[in-house]
Amino acid sequence: MPGSEELYPPAQYGWGWMLLAIGILILLVLGAWLLIVLTRPRRTLPVDDAAGHPPLIIDVLSQLRTEYMGRIQQIENEYRESRLSARQANLELSRVVRTFVNEYSGLEAPVLALDDLVARGVHPALIDAMGRHYYPSIFRPGPAIDPIAGAEAARTVVRAWH
């Protein structure tokens, strides 16, 4: 009957749909909680040495210098034993010196060009080593500069860096 005045009650949803909606909400809350728990910074406990004192910054810096002096000596030894060419030795010395400067001071020396280092006013020992030993050996055609002199320049950078 087209003109019927009879009203129909609203459609009822089954309990399954309500449980599904509640389950999705619970999963969202659990996911947010896991995200917060798994991405927050970890608490670290201070590591003390055997005497019960935290390591001094001076000790850490001297250990860093000692480590890099050893790396420089290793590169020099490999060059003397003909395991590295002069060009490869200078390339490795450049990498080691730049990494030392990065670890010691936080300056991003491994990714900066010589002009960028000059513009930042870094220690003259680094500029001298890069300009006189490493850059000419790595980028200029012809024979590389003696890596023994480059190793001594690297040692000067490590000793002189502030």
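This is a predicted model: local features need pLDDT of at least 70, side-chain atom pairs count only at pLDDT 80 or more; totals for chains, interfaces and linings use all residues.
I began with P147: with a relative accessibility of 3%, P147 counts as buried (buried means under 20% relative accessible area, exposed over 50%, partly exposed in between, with a 1.4 Å probe and protein chains only). Residues are numbered from 1 along each chain as its sequence is written, and side-chain values use heavy atoms, with hydrogens and water left out.

**Entry 1: around P147**

I found P147 in helix α6 (helices are DSSP runs of H or I with at least four residues, strands are runs of E with at least two, and both are numbered from the N terminus). Which residues does P147 touch, not counting those up to four places away in sequence? I listed Y79, A86, A89, N90 and L93 (contact means heavy atoms within 4.5 Å). A86 is 61 residues from P147 along the chain, yet their C-alpha atoms are separated by 5.8 Å.

I checked the length of α6, residues 147–160: its 14 residues should span 20 Å at 1.5 Å a residue, and the end C-alpha atoms are 19 Å apart, which agrees (the expected span is 1.5 Å times one less than the number of residues). The buried residues of α6 are P147, G150, A151, A153, A154, R155, V157 and V158.

For α1, the 25 residues should span 36 Å, and the end C-alpha atoms are 36 Å apart, so this helix agrees too. How many of the 25 residues of α1 are buried? The count is zero, so I noted α1 as hardly covered.

**Entry 2: a nonpolar patch**

I looked up Y13, which lies in the segment before α1 (15–39). Y13 counts as exposed at 73% relative accessibility. Together with W17, L20, I24, L25 and L28, Y13 forms a nonpolar patch on the surface, with about 770 Å² of accessible area. Patches are made of residues with over 30% relative accessible area and no salt bridge; like charges are joined within 9 Å and nonpolar side chains (Val, Leu, Ile, Met, Phe, Trp, Tyr) within 5 Å. Accessible areas come from the Shrake-Rupley method with a 1.4 Å probe, and for residues only the protein chains shown count as cover.

**Entry 3: salt bridges**

I counted eight salt bridges (a side-chain nitrogen of Lys or Arg within 4 Å of a carboxyl oxygen of Asp or Glu). R80 and E76 form one of them, at 2.7 Å from N to O. They are four residues apart in helix α2, which means about one helical turn separates them.

E152 pairs with R159, the closest N and O atoms being 3.1 Å apart. Salt bridges that share partners join E76, R80, E152, R155 and R159 into one network.

**Entry 4: S94 and the whole chain**

S94 sits in helix α3 (residues 86–105) and is buried at 7% relative accessible area. Leaving aside neighbours within four places in sequence, S94 is in contact with M130, Y134 and I138.

Buried residues make up 27% of its 162 residues. The chain averages a pLDDT of 85, and 87% of the residues score at least 70 (pLDDT is the predictor's confidence in each residue, from 0 to 100).
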